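This note is meant for a colleague who is opening the structure for the first time. Please read the points below with the sequence and the model side by side.

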Amino acid sequence: MDSSILFEPFTFNNGVKTDSRIAVAPLTLFSSNPDGTVNEAESLFLSTRADHIGLYIQGATAVTKNGLTFPCQPQAIAESDLDSLARRAAVIKGQGALSIVQIHHGGEFANPAFTGEQALSSSAHGEVRALDEEQIEKIVEGFAHATELCIRSGNDGIEIHGANQYLLQQFFSAKTNHRTDRYGGSITNRLRFPLQVVEAVCAVRERLNRPDFIIGYRLSPEEPGENGITMTQTLTLLEALTEKPIQYVHISQWNFNKMVRRGAGLGTTRLKVIHDALGGRLPVIGVGGLLSLTDYVEAMQSGFAEFVGCGKSVMMNPHLGTRLYGARAEEIVTALDPDKEDHYGIPDPLWTMCKKGEAWLPPLKGAVPRTGAVNSAADY
Ligand SMILES: Cc1cc2nc3c(=O)[nH]c(=O)nc-3n(C[C@H](O)[C@H](O)[C@H](O)COP(=O)(O)O)c2cc1C
């Protein structure tokens, strides 16, 4: 099979070019040092994953201490984080990919064991407290400052993590946002915080005069439940994003071909609806369950995404980009062999999780194949 469609040049609206349409989806590795600094195992993983890749999007990187969510999570909070941010960027850029840092606040999923305080979100529930306006402002500043650190450390861009139920989504979704102030109620109000983050991040780029620095936004297009995000609401968010000087949107899904659940575009795939609505105003990264050469080529051929993302596949295949470039289909594995730990170079904490065979992680060789949705439990 010819894979050249995956390697057609692309130029972003700020003039940055790439020769690969493959994006490595952000992967939390749970494997930096406890203070978020980079270590050898993490570097080793990165050093074999960014060849023939367009965008290498690094896993969720905390922007404020009160957003820390995962053990050993990378951070872009303080001057002392610059060195690790620079070292990761160098490893990725050395292989030819653009190094993009996903900037993140966990909101209600922030872990008190790492933050030292109760988790904060749009609204209070259980142990979670609602953010007041001053705290919201501090987090917006955190996203801006993280962007500045990413620029100064030589990264090529940032991706705002507005997906997977973390803080930005907790504001956007009427399911989680029950505020009665200017940050809650109408969709305009629920969009206020995410858009403030976008504006603050763009302002940093402007101030540092770095128009070549890429800014992307990742979102989850739908949520289940009565008040969950609908496709109609997502199109409103996307419309607002097209008015900002950003470079791409990234649609977080576990299945590239997932159909619309409700709202606009019912009966077709979410990516088609999104891509049609954007009409080329912003490029789209589509992701979810792409494993084989055929999967990637067909996803590109669908025409619903300018970039195709790989998460689990890049964990299972060191040098995935080069294998796709050479159309070496037989060298691309679609399951992890638990006996070949050394082959993958997956850092120990993540490898230990992989060996348990949880549904959101790469399938294990010999396990009963999963049927139906790639990951129905997590596929909101
Ligand atoms: C180990 C692991 C870590 C992940 N970490 C992140 C993350 O930090 N940020 C994020 O937005 N998504 C994260 N995801 C979701 C992936 O980016 C991707 O959307 C998902 O795995 C579906 O794509 P795939 O089928 O190619 O793996 C993670 C997924 C896995 C398996």
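1. Basis of the note. This is a predicted model, in which local features need pLDDT of at least 70 and side-chain atom pairs count only at pLDDT 80 or more, while totals for chains, interfaces and linings use all residues. Residues are numbered from 1 along each chain as its sequence is written.

2. Overall make-up. The protein chain contains 13 helices and twelve strands, where helices (H or I, at least four residues) and strands (E, at least two) are DSSP runs numbered from the N terminus. Its radius of gyration is 19 Å, close to the 21 Å that the globule rule gives for 380 residues, so the chain is as compact as a globular protein of that length; the radius is taken over C-alpha atoms, and the rule is 2.2 Å times the number of residues to the power 0.38. The C-alpha trace spans about 55 × 50 × 45 Å along its principal axes.

3. Burial and contacts. Of the 380 residues, 51% count as buried; a residue is buried if 20 or more other C-beta atoms lie within 10 Å of its own, exposed if 12 or fewer, and partly exposed in between, with C-beta atoms placed from the backbone. Among contacts between residues at least 6 apart in sequence, 71% join residues at least 24 apart, a contact being a pair whose C-beta atoms, placed from the backbone, lie within 7 Å.

4. The ligand. Which residues are closest to the ligand? They are A25, P26, A60, G311 and K312, in a shell of 24 residues, counted when the C-beta atom, placed from the backbone, lies within 6 Å of the molecule. Strand β4 (55–62), strand β12 (307–310) and helix α10 (312–316) each supply at least two residues of this shell. By class, the shell has eleven nonpolar, eleven polar and two charged residues; Ala, Val, Leu, Ile, Met, Phe, Trp, Tyr, Cys and Pro count as nonpolar, Asp, Glu, Lys and Arg as charged, and the others, Gly among them, as polar.

5. Helices α4 and α6. Two packed helices are described by the angle between their axes and the distance between the axes. Helix α4 (residues 133–152) packs against helix α6 (residues 187–207) at an angle of about 35°, with the axes 8 Å apart; axes are lines fitted to C-alpha atoms, for helices over the stretch in contact, and angles run from 0 to 180 degrees between N-to-C directions. The crossing of α4 past α6 is right-handed, a term used if the near helix is turned clockwise from the far one by less than a right angle. On the α4 side the contact includes I136, V140 and F143, and on the α6 side it includes F193, Q196 and V197. The residues of this contact divide into ten nonpolar, two polar and two charged.

6. Residue A146. This residue belongs to helix α4 and is buried, because 28 other C-beta atoms lie within 10 Å. Apart from its neighbours within four places in sequence, A146 is in contact with V63, A76 and I103.

7. Helices α7 and α8. Helix α7 (residues 231–242) and helix α8 (residues 270–278) also pack at an angle of about 35°, and their axes are 10 Å apart. Here M231, L235, L238 and T242 of α7 meet R270, V273, I274, A277 and L278 of α8, a set that divides into seven nonpolar, one polar and one charged.

8. Two residues to check for backbone geometry. Although N164 is not a glycine, it has a positive phi of about 50°; N164 is in the loop between β8 (157–162) and α5 (167–172). A327, likewise not a glycine, has a positive phi of about 50° and lies in the loop between α11 (320–325) and α12 (341–344). A327 is partly exposed, because 16 other C-beta atoms lie within 10 Å.

9. The start of the chain. M1 is in the segment before β1 (10–11). Is M1 buried or exposed? M1 is exposed, since 10 other C-beta atoms lie within 10 Å. Leaving aside neighbours within four places in sequence, the contacts of M1 are with L293, T294, V297, A327 and A329.

How values were computed: Two residues are in contact if their C-beta atoms, placed from the backbone, lie within 7 Å.
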